[in-house]
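Me: I would like to go through this model and ask, for each label, what it rests on. Please set the values against the cut-offs.

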Amino acid sequence: MAVVEPNYKICICRDEVMKKRLHSLKLKVENKIKNELRNVKSLVCTTDGWSSMEQNSYISLTAHIINNEWLPKSFTLATQEMEERHTAVNLAEKLKSILDDWEINGKVSTVITDNAKNVVNAVKLLPLNIDNENMDVTCAAHSLQLAISIALKDEIFSELIKQCSSLVGHFKHSNVAKQSLFKKQEQLGIPHKSLVQCCKTRWNSIYLMLDRLLQNRTAILNVLTDRTVTSLYIAQKLEITES
């Protein structure tokens with residue numbers, strides 16, 4: 001355009017155009033979801049709170065339906081930052097606001113949550129048109145995990161998990177040990193896989209950690225007994241004895 005018409009000025013508004021397009025797309029998706037929700041008599045919601053890597057708190061709400069064609073569908077209605085204290089009252093207000101925005105307050109039959117008391121009590125405070133005794137259902141998987149966590153607090157289990165976690169941590173923090181492990185895996189014909197560290201918020205991580213250590217038991221032992229890689233002091237410190 002500078003050649004064809006030197007006096008023509010191009011308005012650089014790429015960001016504004018993109019914002020308008022995204023907003024238009026957002027409205028289309030919202031309307032599509034609202035139509036799906038209007039066509040059902042009742043639905044179930046799940047909600048949970050979580051924190052980002054920057055330690056910002058969020059709460060999410062997902063709606064679950066079975067449509068007229070008997071197909072199950074799920075829609076994440078909102079993921080909103082939770083700046084207020086996580087009291088039952090504040091959580092209830094946030095959830096009610098989301099339900100009102102989607103016009104489904106009178107259709108929710110059950111809200112599934114974890115076992116946190118503040119969330120359970122928040123659901124009981126929601127003005128839903130259902131029996132209070134049945135409006136909250138705690139997540140079966142979360143309840144099972146709580147039971148497993150209590151069992152793993154037994155001294156025998158907790159000490160073993162602690163020792164295994166330290167062993168994995170050594171290979172995570174020592175590049176020499178990690179590369180040596182990969183070489184031993186290759187020599188022994190073991191699949192080239194890193195060790196797995198356990199994490200309290202990842203329910204299967206303890207099992208995955210123990211399973212991966214068992215698969216690589218021989219390779220790990222070879223690394224720990226190699227004095228060019230692992231000192232005697234470190235090897236003794238990381239030793240897991242059978243009892």
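Me: What makes glutamate 36 and lysine 73 a salt bridge?
Reply: In this predicted model, the side chains of glutamate 36 and lysine 73 meet at 2.7 Å, N to O. The cut-off for a salt bridge is 4 Å between a Lys or Arg side-chain nitrogen and a carboxyl oxygen of Asp or Glu, so the pair of glutamate 36 and lysine 73 qualifies. The pair links distant parts of the chain, with glutamate 36 in helix 1 and lysine 73 in strand 3, 37 residues apart.

Me: Is glutamate 36 buried or exposed, and how do you know?
Reply: Glutamate 36 has a relative accessible area of 18%. Buried means under 20%, so glutamate 36 is buried.

Me: Why is lysine 73 called partly exposed?
Reply: The relative accessible area of lysine 73 is 29%.

Me: What makes lysine 19 exposed, and why does glutamate 16 count as partly exposed?
Reply: Lysine 19 has a relative accessible area of 54%, and exposed means over 50%, so lysine 19 is exposed. Glutamate 16 has 44% relative accessibility, which lies between the limits of 20% and 50%, so glutamate 16 is partly exposed.

Me: How do you know that lysine 26 and glutamate 30 form a salt bridge?
Reply: Their side chains meet at 2.7 Å, N to O, and the rule asks for a distance within 4 Å. The salt bridge follows from these values. Because lysine 26 and glutamate 30 are four residues apart in helix 1, they are separated by about one helical turn. Lysine 26 is partly exposed at 45% relative accessible area, and glutamate 30 is partly exposed at 22%.

Me: Which residues form the nonpolar patch on the surface?
Reply: Met18, Leu22, Leu25 and Val29 form the patch, with about 370 Å² of accessible area together. Valine 29 is found in helix 1 and is partly exposed, with a relative accessible area of 42%. A patch residue needs over 30%, so valine 29 passes that limit.

Me: How many aromatic pairs does a search of the whole structure find?
Reply: The search finds one aromatic pair. The rings of tryptophan 50 and tyrosine 58 have their centres 4.9 Å apart and their planes at 20 degrees. Centres must lie within 6.5 Å, and planes under 30 degrees apart count as stacked, so the pair of tryptophan 50 and tyrosine 58 is stacked. Tryptophan 50 is partly exposed, at 39% relative accessible area.

Me: What makes the charged end of lysine 34 sit over the ring of tryptophan 102?
Reply: The charged end of lysine 34 is 5.9 Å from the centre of that ring. The distance limit is 6 Å, and the rule also sets a limit of 35 degrees from the ring normal. Lysine 34 is assigned as sitting over the ring of tryptophan 102.

Me: What makes strand 1 and strand 2 a pair?
Reply: Eight bridges join strand 1 to strand 2, and the strands run antiparallel. Pairing needs at least two bridges, so strand 1 and strand 2 are paired. Cysteine 45 stands opposite alanine 63 in strand 2, while threonine 47 has leucine 61 as its bridge partner.

Me: How do strand 1 and strand 4 run, parallel or antiparallel?
Reply: Strand 1 and strand 4 run parallel and are joined by four bridges. Cysteine 45 stands opposite valine 111 in strand 4.

Me: How many bridges pair strand 2 with strand 3?
Reply: Nine bridges pair them, in the antiparallel sense. Threonine 62 stands opposite threonine 76 in strand 3. The hairpin of strand 2 and strand 3 has five residues between the strands, and tryptophan 70 in the turn has a positive phi of about 60 degrees.

Me: Why is strand 2 called largely enclosed?
Reply: Seven of the 10 residues of strand 2 are buried, so strand 2 is largely enclosed by the rest of the structure.

Notes. Residues numbered from 1 in each chain as written. Predicted model: local features only at pLDDT ≥ 70, side-chain atom pairs only at ≥ 80, totals over all residues. Heavy atoms only, no water. Phe/Tyr/Trp six-rings, centres within 6.5 Å; stacked < 30°, edge-to-face > 60°. Buried < 20%, exposed > 50% of the residue type's maximum accessible area, 1.4 Å probe, protein only. Helix = DSSP H or I, 4+ residues; strand = E, 2+ residues; numbered from the N terminus. Patch = residues over 30% accessible without salt bridge, like charges linked within 9 Å, V, L, I, M, F, W, Y side chains within 5 Å. Areas by Shrake-Rupley, 256 points an atom, 1.4 Å probe, with all protein chains shown as cover.
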